[in-house]
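Subject: Structure for your review

Dear colleague,

Please find below the structure that I am handing over to you. My notes on it follow directly after.

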Amino acid sequence: MLEALAERRSSREFAPDELPLQLLSDLLWAADGVNRAEGGRTAPSALDAQEIDVYVALPSGAYLYVAATHALELVAASDMRRVTGYQDFVDEAPLDLVFVADHARMALVPVARASPRSRPARSRRMCICSRRARASPL
């Protein structure tokens with residue numbers, strides 16, 4: 001694992017090809033999908049707060065990945081890729097995955113409730129990470 005981390009590199013070159021629908025589906029499931037009958041997710045979450053949402057920005061629009069139904073829900077019917085990152089190459093990437101934390105859901109975690117610094121004054125969403133690939137809506 002240490003070797004893999006040492007070899008990790010960023011790339012700012014993207015193939016113009018769409019990501020095959022099945023591959024996008026598999027990636028979204030691996031990132032945040034339901035993998036247990038009682039609704040448990042592939043990604044752990046303290047006290048099942050599930051504070052992370054995954055959005056998919058495509059030329060056709062922006063979509064929220066809904067893990068419970070393994071579907072994409074249209075949230076904006078316009079190309080939002082330009083506003084999903086600060087670097088120029090984001091505009092060119094065929095797909096942008098945006099991970100968003102909903103801090104209001106963190107109130108379920110006792111540590112978050114105990115520290116005023118860990119909780120915002122009002123509910124808000126904040127982009128914490130972004131990855132690019134290519135795909136079509138599910």
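A salt bridge is taken here to be a side-chain nitrogen of Lys or Arg within 4 Å of a carboxyl oxygen of Asp or Glu. On that basis, a search of the whole structure returns three salt bridges. Please keep in mind throughout that this is a predicted model.

Overall architecture

The protein chain contains three helices and five strands, which follow one another from the N terminus in the order α-α-β-β-β-β-α-β. It has 138 residues, of which 35% count as buried. Its accessible surface amounts to about 9,000 Å², with 56% of this belonging to carbon and sulfur atoms. Among the contacts with a separation of 6 or more, 59% are made by residues 24 or more positions apart.

Confidence

The mean pLDDT of the protein chain is 77, and 79% of the residues score at least 70. Among the elements, strand S3 (residues 71-76) has the highest mean pLDDT, at 93, whereas strand S5 (residues 125-133) has the lowest, at 41. Over residues 119-138 pLDDT stays under 50, although the model has 73 contacts beyond four places in sequence for this stretch. Where pLDDT is low, the predicted coordinates should not be read in detail.

The salt bridges

Side chains of opposite charge can pair when their charged atoms come close. In the pair formed by Asp-32 and Arg-41, the side chains meet at 3.0 Å, N to O, and both residues are buried.

A second salt bridge joins the side chains of Arg-36 and Glu-38, at 3.5 Å from N to O. Here Arg-36 is partly exposed, its relative accessible area being 40%, while Glu-38 counts as exposed at 63% relative accessibility.

The remaining pair is Asp-79 with Arg-81, whose closest N and O atoms are 2.6 Å apart. Asp-79 has a relative accessible area of 37% and is partly exposed. Arg-81, at 11%, counts as buried, because buried means under 20% relative accessible area.

The surroundings of Arg-81

Arg-81 is placed in the loop between S3 and strand S4 (95-102). Beyond its neighbours within four places in sequence, Arg-81 is in contact with Ala-57, Leu-58 and Pro-59, with the run Val-90, Asp-91, Glu-92, Ala-93 and Pro-94, and with Asp-96.

Strand S4

Asp-96 is also a residue of S4, where it lies on one side together with Val-98, Val-100 and Asp-102.

S4 pairs with strand S1 (residues 52-58) in the antiparallel sense, over six bridges. Within S4, Phe-99 is the residue that stands opposite Val-54.

Yours sincerely

Conventions. Residues are numbered from 1 along each chain as its sequence is written. This is a predicted model: local features need pLDDT of at least 70, side-chain atom pairs count only at pLDDT 80 or more; totals for chains, interfaces and linings use all residues. Side-chain values use heavy atoms; hydrogens and water are left out. Helices (H or I, at least four residues) and strands (E, at least two) are DSSP runs, numbered from the N terminus. Buried means under 20% relative accessible area, exposed over 50%, partly exposed in between (1.4 Å probe, protein chains only). Contact means heavy atoms within 4.5 Å. Accessible areas come from the Shrake-Rupley method with a 1.4 Å probe; for residues, only the protein chains shown count as cover. pLDDT is the predictor's confidence in each residue, from 0 to 100. Two strands pair if DSSP finds at least two bridges between them.
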